[in-house]
Amino acid sequence: MRLPFFFLIILALLALVVDFYILRDINRRVEERHRKVWRICYYISMTIGYALLIAIMCIPVRKEDADIIPVMWLLYSFLSIYIPKTLYAIISLIGRVGSRICGRSGKQGNAAGVTGLVVGIWIFLTLWWGVFFTRREIEVNKITITSSKLPQSFNGYKIVQFSDAHVGTWGEDTTFVAKLVNEINSLNPDVIVFTGDIVNRRTEELRPFLKTLSRLKAKDGVYSILGNHDYGDYIDWKNEEDHKANNRLLAQWEKEMGWKLLNNEHDFLVKGNDSIVMIGVENWGEPPFPEYGRLRDAYNESRDSAYNLNDNKFKVLLTHNPEHWNREVLKISNIDLSLAGHTHAMQMMLRVGGWQWSPSVFKYERWGGLYNENNQEGYPMNLYVNIGSGEVGMPSRIGAAYPEITEITLQR
């Protein structure tokens, strides 16, 4: 199976409409003696764009042995050409319509054309800046979580979270992942947690990074959970046994790296006579993906049990998808701190001072940063959504969507 054919056809039709408009715009705006050169340059850009689209249509992406990386780069290259073109066409068209309405023939249209050209060039450069610079610049965000339930011996305890590494996007180049590991280790964490999506589609992507990720060190070790990409559900496997073997291999390799994978399980972090609970659930999926996460299995729901989802222990939950917090965690527990990832902030974010925005808001109510809310019994609960350190879909991070490491200090 390739990328949805209908989606690619829609892209091609939109591109044709944009190209038709811009070619007409060249005839209207450019002096006749320069028009031929402009048209030739534009035909070259069209040829490159449609060649990229045809190549995308020809590459299968769901076959067991298919490599998704070429498709990511081809699609991103196509979009980096046609998003600026489309913005130019929209701005130019607005200017032309405005000129006719206001009766200022030509003036507003020409200004809009120049504006569209400047915006288009700026967007093109921004898209490729995200490839060569933004996705390589790590940002460490520091937060403090305060709770009266926290044992005194855990006061100042440091949790370092990273998420959504998607190492397969880097192929066999370990440079960035090594930089990420060094940055995490430099924070001298008490415990490191990884909140899912170590690979894009299959476990084999992890092989070049095993030695590098094995260097992660914390006093109480490294805990991890699985994300939606870790199950191999984005591949049409030749048989189910290959699929199961892929998933078993991921668990085996994480163990060999020294990570403790929590599949609907919990563990106790102990200091002297005190302890806090680390709970990990498998991916709590949204349709069409399976719902593997079982919070009630990971930690007892029954209040008749000494240890349960509403006991007086300080509890940390690792759950890949932040929607899980909205739909279940808040309703049935008093878990003090939930750590999630998954959204990537769609790898696009604007930030001005303390304000930040991402197109993720159209899909996720809580998509990045710290959120606080009381449960049904009035108990304060916290969720932190890490926007990830890797990329999938597009090999880029745009604006302020830097690869993230989160340093969380627990305070009594």
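## Pairing of strand β15

Thr406 in β15 is the bridge partner of Asn141. Strand β1 (residues 139–146) runs parallel to β15, and the two are joined over eight bridges; strands count as paired if DSSP finds at least two bridges between them. Strand β2 (residues 158–162) also pairs with β15, in the antiparallel sense and over four bridges. In that pairing, Ile159 has Ile408 of β15 as its bridge partner.

Strand β15 covers residues 404–411, and six of its eight residues are buried, so the strand is largely enclosed by the rest of the structure. Buried denotes under 20% relative accessible area (1.4 Å probe, protein chains only).

## Basis of the model

The model is predicted: local features need pLDDT of at least 70, side-chain atom pairs count only at pLDDT 80 or more, and totals for chains, interfaces and linings use all residues. Residues are numbered from 1 along each chain as its sequence is written, and side-chain values use heavy atoms, with hydrogens and water left out.

## The chain as a whole

The protein chain contains nine helices and 15 strands, assigned as DSSP runs (helices H or I, at least four residues; strands E, at least two) and numbered from the N terminus. Its C-alpha trace spans about 85 × 50 × 35 Å along the principal axes.

Of the 412 residues of the protein chain, 53% are buried. Among contacts (heavy atoms within 4.5 Å) between residues at least 6 apart in sequence, 72% join residues at least 24 apart.

How values were computed: Buried < 20%, exposed > 50% of the residue type's maximum accessible area, 1.4 Å probe, protein only.
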